Amino acid sequence: MVKIGLIGYGYWGPKLVRNFFDDSACKVKTVVDLRRESLEVVKKYYPSIRTSTTIDEVFEDSKIDAVVISTPVSTHFSLGKKALNQGKHVLIEKPMTTSYREAIELVNLAKKKKKVLMVDHTFLYTDAVPNELGKISYFDSTRTNLGLFQKDVNVLWDLAAHDISILTYLVKEKPQSILASGISHTKNKLENIVFVTIKYPSGFIAHLNCSWSSPVKIRLILIGGKKKMIVYNDVEPTEKIKVYDSGYKIMNRKDPEKFQVDYRIGDIHIPKIELQEALIGVTRDFLHAIEFGSKPISNAALGLEVVKILSLADKSMRNGEWPMKYEKSHFNQ
Ligand SMILES: NC(=O)c1ccc[n+]([C@@H]2O[C@H](COP(=O)([O-])OP(=O)(O)OC[C@H]3O[C@@H](n4cnc5c(N)ncnc54)[C@H](O)[C@@H]3O)[C@@H](O)[C@H]2O)c1
């Protein structure tokens, strides 16, 4: 039975605790948070879980096998490093760290210590990632709401992390260039609106629109494939995915005079998807990797790749909105 210690019982932490608590393959032993009032809630709902305001209660407890980190992003690296150094398996919230250099250090440390390092990229467990599209040519995502302005990271690191994890999972090639543009309307200079364009060598293109400043909550992804196109609307309660048997073919490609587009507008299919909470998939995948040595879907390499793309997008914003080459990228932050 895997014994779990969780650090950070704010907005997301309680959802993780609930899912681990309900899983008979583990026992949540300790929850740590700096705020006593959060711990009072833990005590009320889970009297069997020990609570503390001291993180060493988790790190120095030799009975705890795995640490779950659901604190603000800027703390992920130091807490993750400490947990791995203490010989714990680690599930860390998305994104893994705030820099590529830190993410590499964690991945290498996990390898050296032979421990599972997994990132909670929850969307990879929604059962919605399609496989019938044919060759994909574009990915267009809007992830906006009147969101909670984070104090330590901009909207790119907060929201685009979701889309970049889906992209990294879906698209097997590496990007060619990453261009980002954003604006901060606050004194702390953290961008609250960001647009990112990622180009790939095959001609595939991705565009992400992320904002904490929209009057409405939109969670919409359009994916264009050669065979089918999909609309994934995560705000819809039930019919989240619609698969369009639509497309187009360019006729007389070689002769611009006779250039023609042949459109195909077919049926719309609404696949039945499991509406179970995606976090169940995350917690099970983590526990399975610890018990059986399996490779999680949201594994450390995927988490590292997400941080690399986020870092390049951030660099593009800092460098006068100039496209960053993926292959030639070097990081010294
Ligand atoms: N996977 C998802 O879909 C998803 C959704 C929301 C948030 N998140 C991630 O979860 C993490 C937490 O986000 P949140 O919205 O819950 O934030 P939050 O601010 O609501 O909660 C963070 C909690 O961590 C505690 N904390 C901070 N530093 C600590 C430390 N050193 N030791 C112990 N406790 C500490 C705070 O007191 C707070 O209760 C972030 O990384 C965020 O990106 C993921």
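How many Å separate an oxygen atom of the ligand from an N or O atom in the side chain of Arg 35? I looked it up: 3.0 Å.

**Entry 1: ground rules**

I am working with a predicted model, where local features need pLDDT of at least 70, side-chain atom pairs count only at pLDDT 80 or more, and totals for chains, interfaces and linings use all residues. Residues are numbered from 1 along each chain as its sequence is written, and side-chain values use heavy atoms, with hydrogens and water left out.

**Entry 2: around the ligand**

The side chain of Asp 33 has an N or O atom 2.6 Å from an oxygen atom of the ligand. Leu 34 uses its backbone instead: an N or O atom there lies 3.5 Å from a nitrogen atom of the ligand.

I took helices (H or I, at least four residues) and strands (E, at least two) as DSSP runs, numbered from the N terminus. Two strands pair if DSSP finds at least two bridges between them. For the angles I used axes, which are lines fitted to C-alpha atoms (for helices, over the stretch in contact); angles run from 0 to 180 degrees between N-to-C directions.

I then followed one pair. Strand S4 (residues 66–69) and strand S5 (residues 89–93) run parallel and share four bridges. Val 68 has Leu 91 in S5 as its bridge partner.

A reminder first: most residues other than glycine have a negative phi, and most peptide bonds are trans. Lys 94 and Pro 95 are joined by a cis peptide bond, with omega about -20 degrees. I found Pro 95 in the loop between S5 and H5. Lys 114 is not a glycine, yet its phi is positive, about 55 degrees. Lys 114 sits in the loop between H5 and S6.

**Entry 3: helix H5 and its partners**

At what angle do the axes of helix H4 (residues 76–85) and helix H5 (residues 100–113) cross? They cross at roughly 10 degrees and come within 10 Å. H4 is therefore roughly parallel to H5; the cut-offs are under 35 degrees for roughly parallel, over 145 for roughly antiparallel, 65 to 115 for roughly perpendicular, and oblique for the rest. I counted a contact as heavy atoms within 4.5 Å. Residues of H4 in this contact include Phe 77 and Leu 84, and those of H5 include Leu 106 and Leu 109. By class, the contact has five nonpolar, two polar and four charged residues. Ala, Val, Leu, Ile, Met, Phe, Trp, Tyr, Cys and Pro count as nonpolar, Asp, Glu, Lys and Arg as charged, and the others, Gly among them, as polar.

H5 also packs against H8, at about 170 degrees, with axes 9 Å apart. These two helices are therefore roughly antiparallel. Tyr 100 and Ile 104 are among the H5 residues that meet H8, where the partners include Leu 304 and Val 307. I noted seven nonpolar, one polar and one charged residues in the contact of H5 with H8.

**Entry 4: the nine-stranded sheet**

The other entry on sheets: nine strands, open, mixed pairing, in the order S14-S13-S12-S11-S7-S10-S9-S8-S15. Strand S14 (260–269) and strand S15 (324–325) are at the edges, each with a single partner strand. Helix H8 (residues 300–318) packs on this sheet and touches strand S8 (177–183), strand S9 (193–199) and S15. Strand S7 (residues 136–144) and strand S11 (residues 218–225) are antiparallel, joined by eight bridges. There, Ile 136 has Gly 225 as its bridge partner.

Methods
A polar contact is a pair of N or O atoms within 3.5 Å; within protein, one must be able to donate a hydrogen and the other to accept it, and residues adjacent in sequence count only if both atoms are side-chain atoms.
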